Amino acid sequence: MDVPIVMPRDPQSRTLSPVATVSLGRLTGALEEQLARWEQQPARHGVRPGDCRVYAHAARLAVDRAAARLAAVQPEWLVDLLGGRPDAPPAVVRCGTMRSGTSQRTEPGMGSPIP
């Protein structure tokens, strides 16, 4: 069942008066010029729209591939640093293990809430 949250409406189009058009142009004209100047700055250095997203994705991909390669190869220095890979899947870790001891004691089955 579709529940309409906002009822769409088709407002009648309006025409601005000449005075309102001039006032609006005066208000937005300076902002549009500043925005155009701002957008030219990165372009002068070779930055294009969407580059941030592309470079962030490339960085994540490089890190993921390097991590997968380390996990597959398991170099000696990594095993020395972290220990060997466990034979069984890791045990389930209780959420919130970083909470303070006081808040943990207030949970059911975690001991007395009074320190």
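Helix H2, which covers residues 51-73, is one of the DSSP runs that count as helices (H or I, at least four residues) or strands (E, at least two), numbered from the N terminus. The model is a predicted one, in which local features need pLDDT of at least 70 and side-chain atom pairs count only at pLDDT 80 or more, whereas totals for chains, interfaces and linings use all residues. Residues are numbered from 1 along each chain as its sequence is written, and side-chain values use heavy atoms, with hydrogens and water left out.

The protein as a whole has four helices and zero strands, so that the order of elements from the N terminus on reads α-α-α-α. Of its 115 residues, 3% count as buried, where buried means under 20% relative accessible area, exposed over 50% and partly exposed in between (1.4 Å probe, protein chains only).

After H2 comes glutamine 74, which has a positive phi near 50° and lies in the loop between H2 and H3. Glutamine 74 is partly exposed, because its relative accessible area is 30%. Apart from neighbours within four places in sequence, glutamine 74 is in contact (heavy atoms within 4.5 Å) with Val79 and Arg85. The C-alpha atoms of glutamine 74 and arginine 85, which are eleven residues apart along the chain, are separated by 8.6 Å.

One salt bridge is counted, under the rule that a side-chain nitrogen of Lys or Arg lies within 4 Å of a carboxyl oxygen of Asp or Glu. The pair consists of arginine 48 and aspartate 51, at 3.9 Å from N to O; arginine 48 is exposed at 58% relative accessible area, whereas aspartate 51 is buried at 7%.

A nonpolar surface patch of about 460 Å² is formed by Leu70, Trp77, Leu81 and Leu82. Patches are made of residues with over 30% relative accessible area and no salt bridge, like charges being joined within 9 Å and nonpolar side chains (Val, Leu, Ile, Met, Phe, Trp, Tyr) within 5 Å. Helix H3 (residues 76-82) gives the most to this patch, with three residues. Leucine 82, found in H3, counts as exposed because its relative accessibility is 64%.

Conventions: Areas by Shrake-Rupley, 256 points an atom, 1.4 Å probe, with all protein chains shown as cover. Expected span 1.5 Å × (residues − 1).
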